[in-house]
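These are my notebook entries on a single protein chain. I set down what I looked up, entry by entry.

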Amino acid sequence: KITTKRNGGAYMIVHLNGDYETVDYVPNRSVLLYDNNEDEEYPLHWHNAIEIIMPLTNGFEAVCAGKNYKLSERDILIIPGGTLHNLKAQSGRRIIFLCDNNSLAANPALSELYSVLSEPVLINSDYDKEFLKSLNHILEEIYVLYSNYTDITEVYIYIKLVTLLARIKEYQLNEIKYDDGGKYVDKFNLILKYIEQNYANDITLEKLADIAGYSPYHFSRIFKKYSNTTFINFLNRRRIKAAELLLLESGSSITDVAMQVGFASLTTFNRVFKSINGCTPSEYKKLYRTTQTSKRFT
């Protein structure tokens, strides 16, 4: 159990540009953990980090993409990077864990986990009690690792994080198998792999439905049940995640990046990018450059 409050554990937004937060990582790290008991509201903001919240005493409330999420003690809320959210002022104690999203998004081997991060996920009493307890235990292990930081701690923390996301994905798959006798799972694993290999190409709902052997209507319903989001949202998020890496790591123009990740129209690319990240691709590049310049002079 977590019983010790870490010194300096107060959560605060240090760098806010509009509604974009630059997560204040310690230099050369890409994870951050707060043992938080601050009774103040955190305004609407977004960041590239994945954020995980687990209340320890009292509940907690967050608004993500306009939807309210109410957590009881030991519930877990996972907020994907790029999600506009604000945290309500409330008494109590909770863990707030943030980690760099790019470390996961850049690894094709982890593509099966993208659906877990397609929308905010609340793990609560609706889930199996032992399953929730196992995720609580993983976050407790992350807390202990973070409190005793060494040169290799971050590696172990990411292993724990991937394990947590994989268990959620496995739970979702098992629920689907229970509902449909497993007849959809193998086909949809094939579909997700097809999207991962071809997201930059012209992929339509009709084409995937044909590959799966279902009508577009039936395929659309099953896809949402399987991946926790619609086909077009899933595809757009995958494309935008690839675009983020290209915008930050290559010298390509925004138009070239849009074409490379599968958007036929720059207007559509800008609109989808802003709807997911809260800013345009050019603003995203500017924010990143400002962040990097700030780091060099701190």
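Entry 1. Strand 10 and its partners.
I began with a pairing in the sheet: strand 5 and strand 10 are antiparallel partners, joined over seven bridges. I noted that Pro 55 stands opposite Arg 94 in strand 10. The model I am reading is a predicted one. I then looked up strand 3, which pairs with strand 10 in the antiparallel sense over six bridges. Within that pairing, Asp 35 has Ile 95 of strand 10 as its bridge partner.

I next asked how many residues of strand 10 are buried. The count is seven of the seven, so strand 10 is largely enclosed by the rest of the structure. I listed the two faces separately. Arg 93, Ile 95, Phe 97 and Cys 99 are buried on one side, and Arg 94, Ile 96 and Leu 98 are buried on the other.

I wrote down the strand order of the open sheet as 3-10-5-8-11, five strands with antiparallel pairing. Which strands stand at the edges? They are strand 3 (31-36) and strand 11 (121-123); each has a single partner strand, so one side of each is left without a neighbour in the sheet. Neighbouring strands of this sheet are turned by 15 degrees against each other on average, direction ignored. As a reminder to myself, strands of a sheet pair through backbone hydrogen bonds.

Ile 76 has Ile 123 in strand 11 as its bridge partner.

I also looked up what lies across these strands. Helix 2 lies across strand 3, strand 5 (50-57), strand 8, strand 10 (93-99) and strand 11. The angle between helix 2 and strand 3 is about 105 degrees.

Entry 2. Salt bridges.
I recorded six salt bridges in the structure and examined some of them in turn. The general point is that side chains of opposite charge can pair when their charged atoms come close.

Lys 133 pairs with Glu 130, and the closest N and O atoms are 3.7 Å apart. These residues are three apart in helix 2, which means that about one helical turn separates Lys 133 and Glu 130. Lys 133 is partly exposed, at a relative accessible area of 45%.

Glu 141 forms a salt bridge with Lys 160, with 3.1 Å between the closest N and O atoms. Glu 141 is in helix 2 and Lys 160 in helix 3, so the pair ties together parts 19 residues apart in sequence. I found Glu 141 partly exposed, with a relative accessible area of 25%. Lys 160 also counts as partly exposed, at 23% relative accessibility.

Arg 238 and Glu 196 meet through their side chains in a salt bridge of 2.8 Å, N to O. Arg 238 is in helix 7 and Glu 196 in helix 4 (residues 185-198), and this pair links distant parts of the chain, 42 residues apart. Are these two residues buried or exposed? Arg 238 is buried, with a relative accessible area of 8%. Glu 196 is buried as well, at 14%.

Entry 3. Asn 236.
I stayed with helix 7 (residues 231-249), where Asn 236 lies. Its relative accessibility is 12%, and because buried means under 20%, Asn 236 counts as buried. Which residues does Asn 236 contact, leaving aside its neighbours within four places in sequence? They are Phe 263, Val 272 and Ile 276.

Ile 152 is in the loop between helix 2 (129-147) and helix 3 (153-180). Ile 152 counts as partly exposed, at 43% relative accessibility.

Entry 4. Totals for the chain.
I closed with the overall figures. The chain has ten helices and eleven strands. Of its 298 residues, 50% are buried. Among contacts in the chain with a separation of 6 or more, 73% come from residues 24 or more positions apart. The accessible surface comes to about 14300 Å², and carbon and sulfur atoms hold 50% of that area.

Methods
Residues numbered from 1 in each chain as written. Predicted model: local features only at pLDDT ≥ 70, side-chain atom pairs only at ≥ 80, totals over all residues. Heavy atoms only, no water. Helix = DSSP H or I, 4+ residues; strand = E, 2+ residues; numbered from the N terminus. Buried < 20%, exposed > 50% of the residue type's maximum accessible area, 1.4 Å probe, protein only. Pairing = 2+ DSSP bridges. Axes fitted to C-alpha atoms, helices over the stretch in contact; angles between N-to-C directions. Contact = heavy atoms within 4.5 Å. Salt bridge = Lys/Arg side-chain N within 4 Å of Asp/Glu carboxyl O. Areas by Shrake-Rupley, 256 points an atom, 1.4 Å probe, with all protein chains shown as cover.
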